[in-house]
Amino acid sequence: MPSQKRARRSAGLLLFRRSGEAGFEVLIGHMGGPFWAGRESAAWSIPKGEYGPEEEPEAAARREFGEEFGRPAPDGEWVALGEARQSGGKTVTVWALETDLDAATAVPGTFTMEWPRGSGVRREFPEVDRFAWCTPQEAAERLVTGQRVFLDRLREHLAGGRVGDA
């Protein structure tokens with residue numbers, strides 16, 4: 001009997017605050033590790049991570065925010081922004097939460113990998129090497145392509161529209 005490959009799922013939390021001419025800003029993180037070093041465009045992400053069938057997506061989003069930001073997810077009302085299938089096949093589910101916290105207080109978690117590849121040397125890297133508040137326009141340039149839809153959905157929500165699963 002052939003083995004069935006588990007669908008990869010990820011959940012995340014997009015923090016936002018109302019401000020200035022753009023109307024709002026979002027908190028995103030620059031992915032850590034050597035592959036992303038020196039890259040800006042499409043090298044940022046909503047704090048998120050994978051979860052298995054034994055975990056609820058909301059719990060995974062809360063856990064991953066804590067691991068990546070280094071502090072628990074803030075309290076408040078979560079707004080469902082739906083899900084989107086990424087180019088690599090992973091389905092990402094995101095919620096938005098209005099809050100204002102200092103990005104400089106982040107203490108990101110770490111991961112270990114062999115680097116340089118093939119060297120046999122294992123090094124530790126931050127999951128996210130920095131966080132920043134960005135206007136929707138800045139975030140759209142920085143975020144990996146498959147996550148940009150969540151900016152549109154948040155904009156729609158803030159304008160009083162219904163957020164859909166496009």
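Analyst: Among contacts in the chain (heavy atoms within 4.5 Å) between residues at least 6 apart in sequence, 63% join residues at least 24 apart. This is a predicted model, in which local features need pLDDT of at least 70, side-chain atom pairs count only at pLDDT 80 or more, and totals for chains, interfaces and linings use all residues. Residues are numbered from 1 along each chain as its sequence is written, and side-chain values use heavy atoms, with hydrogens and water left out.

Of the 166 residues, 46% are buried, meaning under 20% relative accessible area with a 1.4 Å probe, protein chains only. A nonpolar core is a set of buried Ala, Val, Leu, Ile, Met, Phe, Trp, Tyr and Cys residues joined through side-chain atoms within 4.5 Å. The largest such core has 24 residues, and Leu 14, Val 26, Ile 28, Leu 81 and Leu 154 have the most contacts inside it. At least two of its residues come from each of strand 1 (9-19), strand 2 (23-31), strand 5 (78-85), strand 6 (91-98), strand 9 (128-134) and helix 3 (149-158). Here strands (E, at least two residues) and helices (H or I, at least four) are DSSP runs, numbered from the N terminus. Strand 2 gives the largest share, 4 residues.

Leaving aside residues up to four places away in sequence, Ile 28 touches Leu 14, Trp 44, Ser 45, Arg 130, Phe 131, Ala 132, Cys 134, Ala 139, Arg 142 and Leu 143. A second, separate core of 19 residues includes Leu 15, Ala 73, Leu 101 and Phe 131.

Methods:
Buried < 20%, exposed > 50% of the residue type's maximum accessible area, 1.4 Å probe, protein only.
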